[in-house]
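I opened this notebook to record what I looked up, beginning with a single residue and then turning to an interface between chains.

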Amino acid sequence: MMRVGLLTPLLALAFVALALFMPATAPFFHWLFPENPRPVFLRASFLELTLAHAELVLISAGAATAFALGVGIFVTRPAGREFLPIVGALAAVGQTFPPAAVLALAVPALGYGEAPTLLALFLYSILPILEGTIAGLHAVPADVREAADGLGFSSATKLTRIELPLAAPYILAGVRTSTIIAIGTATIGSTIGALSLGSPIVEGLAAENTAYVLQGALVVALFAILVDRGFELLERRLARQSRSELPASRPRRAAAAAAP
Amino acid sequence: MSTADLAATRRTSRLALHDRVALVLALVAAAGSFGAFLSIAPNRLADGRPLTLWNVGLSQTAIVLALLVLVFMAAFIGDRTWRSGALFASGAGLLISMLLIAGTAAAAQLDPQEPARRIALGSAFWILFSVGVLACFQGLQHAARIWKALLSLALAAALIAIAASGELNSLSLAREFHAQRATFPTELLRHIGLVAAAVVVASFCAIPLVLAAVYRSGARSAIFTTLNLLQTIPSIALFGLLIAPLSFVAAHVSLAREIGIGGIGAAPALIALVLYGLLPLVRSADAGLRNVPANVQEAARGMGMNAQEIFWKVDLPLALPALVSGLRVVTVQSIGLAIVAALIGAGGLGTFVFQGIGEYALDLVLVGALPTILLAVAADALFQIVIANVRSRP
Amino acid sequence: MIEFDAVEKFYAGQRVLGPLSLSIPQGALCVLVGPSGCGKSTTLKMINALITPDAGSIRINAQPVASHPAEELRRGIGYVIQSGGLFPHWRVRDNIATVPRLLHWEKARVAARINEVAEIAAIHRALLDRFPHQLSGGQQQRVGVARALAADPDIILMDEPFGALDPVTRAALQKELARLHHNTGKTIVLVTHDMDEALALGTTIVVMRKGEIAQSGTPAEILAAPRSDFVRDFVGGADAAMKLLEFRKVREVLRGGAESCDHSIRTHDTLRSALTEMMTTGRSILTVQNESGAIVGSIHVEDIVGASKR
């Protein structure tokens, strides 16, 4: 049985309600900000914003996953092992770059709008997935590899049937990190002209309309949390299927002393 | 023919590829050098006209070409020491010549008739510069740690010296930087101050959470669920969510207003950075404390240490590397998030980024973004050195 | 003298130990031996209050264990565990000094004591300034023993101390432990699952099974008269006969009269070495000399065979 709890469905309900029926909250925001003549963001519907936001994240995360998987597999094969140090260093140093700075750097390259946002999201998303792929493929125990060789697996079937399934939890963890960062960065993407759930926030900040800020912030926060919960469920299902888990911490303290 | 002769012929007749990374770098650089080396615009807002490397000058092109050929040839050198040396030398040469060529070329393009002319760095510059960095990395990969440190420091010093000498002053980035010289130190200090305050406050807030997570098994899952939830919320949204309650507080509590708490400014930024910082800190400290080997703890109890003695003498020292790596994550993360804080009026280097985006002044964006990246990379490197030292010490 | 009086321990409502009564005399090297899960480690850890009994009482020199604060009690009892359990962030020197420092000894006294116990545990001076991870498994275990000896406790508890070592190192350390016990006269309680280790070291052996004592006694008693099939199997079936010869002396089956023979053996040698001597020389009778070398009789192969029967 998968434990979902009560929190996630409640948050999901709140998210759907807000995304679909934000204009209905006008009386509430009017009460909250009585001096505000336009208490609800109406330039685009929140459903539209959510879809635009999701599209940015899906395209960039999808492309980044494909690219990172390819590179990660290449540098862990004998043919590409030479590239492992430089690729690993790039992935590690690249992740210390602030996402907002990467987004800002995309502007000189591609101007304003969706394109630079997509580029920044794509470039940044590669790094955690690449790191996860490399770590996951390295974590495949040597004896398992050897057993696969001994049983006569070709290197391609060994990769698809043994190595990738065993590395899957690490790869998924990388995709999760990437996606959450991408959702956050896509929000900031509104400052360079991309339409996303960040648009009400950025416009609200510029026009000192706190109601807009609140609406955008609430919906995008719920969106990010729900996506993260989704990954959590996916990770748990994967762990149960493959009976392998991310390296957890050691057995509980005191367990050794209590053993009879 | 003797065996020695045979070996010699084999050595000369068979050209073997020894470093495909160098080969790829040389090819990428060659392809990239076709793009715009500089871009020249009549003013800050207009689009630039590209200036390629060979437009800059024949001798400059020849120097870059020679260096790229050296990178290319390095790929075929069999001896590792020589190959690494050639790669590092060509990489360093590329970095230094890039700066010098860009600086002098920009100076030559200045026009007294057109005082607003902007000479910006183009894609060819950035690609060749990146290839230079990667060639240096590849060249230093097998070097002893001391050589790595010395050569990188020497190279960094050389690049900084070139920048400081005024050689680059004609580039629009330098001019933009010069234009902001009055506010830059203030914003830089404000950025660092915000990050430092966030790290310190988050560390103190993390202590009770860590103790509860490690020693009260009931609280563990609730703490991690909450912190993970906070970490998931996009930064700008968390800043936004704090505005309303804080302006409410500022409006109704005069004391809060007097000490500078308001919906906009440093207060929401600091609170948000602290909230973000908690998860990495608590997670790494928790892992560090829980990974203290069970038999070591049992030995400590068996020796007659009490709970406090076990914590201070055994658990804490053994968890120290994990604690420092938590600080590393939080510091690097906060440096990046503090950019976004500029949107809610907290100042910092993000001010330049968003002002530049708003005014379509791309060099101004770089004035904010490049120092932030350098700050993050430097903080990361510093913490790595500290972690390596705590590891090797008792 | 350590006494267990009707001690019981429950986990999740199930009795996992006892009722167990046992007394370990002063100066004994008592080995608790049995298969995993038999309760031997639990029994050991009750002596220094790492585990508290749910019923019954434990007394050390007539003082109930529960009457002392646990930490104070433990500082007075040496404790050695499997693979050392050394503090990885402290040098060997500091590991050894743990308990003396907990007891706030003076610096000079601590320093002197470190050198003393290092010598007793055969730890080379040069190792004192190393970190545990720079030592071999055997060296780590010596440090574990030195650390337990540091505050000169009367009682030393050892929980599978040699379990993680290779056979050669284990044999060497066993020999040193026997020597140390002989020289210091301390009471040592040692837990192992290895019957050979128990026979090699123990002056008293307590065979445990499913939380109860299956049999206790001297090695010879247990080998000669196993009280149940479990003990018989555990001490090694047919092989036990050979082991028993280790604990019997020539003088026990000595025949009077001086049958002269060119091969001789002494009264205090074991029957096993007598048998070995016969096999290597091809004789079935050996002359027996006493300690001063005078011939006191002879030993016959059929008497040795008889002695190995239980």
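This is a predicted model: local features need pLDDT of at least 70, side-chain atom pairs count only at pLDDT 80 or more; totals for chains, interfaces and linings use all residues.

The entries below follow the order in which I looked things up.

I looked for R113(C) and found it in helix α5 of chain C, which covers residues 107-120. Is R113(C) buried or exposed? I put R113(C) down as buried, because its relative accessibility is 12% and the cut-off for buried is under 20%. I then followed its side chain, which reaches the backbone oxygen of A150(C) at 2.6 Å. Setting aside neighbours within four places in sequence, I listed W105(C), L149(C), A150(C) and D152(C) as the residues in contact with R113(C).

**Entry two: where chain C meets chain B.** I turned to the interface and found 22 residues of chain C in contact with 17 residues of chain B. The area buried between the two chains is about 1800 Å², and carbon and sulfur atoms give 65% of that area. Which three residues supply more than any others of the area that chain C buries against chain B? I found them to be F87(C), H89(C) and L102(C), which supply 30% of it.

**Entry three: polar links and composition.** I recorded 2 salt bridges between chain C and chain B, one of them joining the side chains of K45(C) and E298(B) at 3.6 Å, N to O. I also noted 5 residue pairs in polar contact between these chains, with both residues at pLDDT 80 or more. On the side of chain C that touches chain B, α2 (70-75), β6 (77-81) and α4 (98-102) each supply at least two residues. I wrote down the make-up of that side as 11 nonpolar, 6 polar and 5 charged residues.

Terms used. Residues are numbered from 1 along each chain as its sequence is written. Chains are lettered from A and ligands numbered from 1 in the order in which they are written. Side-chain values use heavy atoms; hydrogens and water are left out. Helices (H or I, at least four residues) and strands (E, at least two) are DSSP runs, numbered from the N terminus. Buried means under 20% relative accessible area, exposed over 50%, partly exposed in between (1.4 Å probe, protein chains only). A polar contact is a pair of N or O atoms within 3.5 Å; within protein, one must be able to donate a hydrogen and the other to accept it, and residues adjacent in sequence count only if both atoms are side-chain atoms. Contact means heavy atoms within 4.5 Å. Buried area is the accessible area (1.4 Å probe) that two parts lose on being put together, summed over both. A salt bridge is a side-chain nitrogen of Lys or Arg within 4 Å of a carboxyl oxygen of Asp or Glu. Ala, Val, Leu, Ile, Met, Phe, Trp, Tyr, Cys and Pro count as nonpolar, Asp, Glu, Lys and Arg as charged, and the others, Gly among them, as polar.
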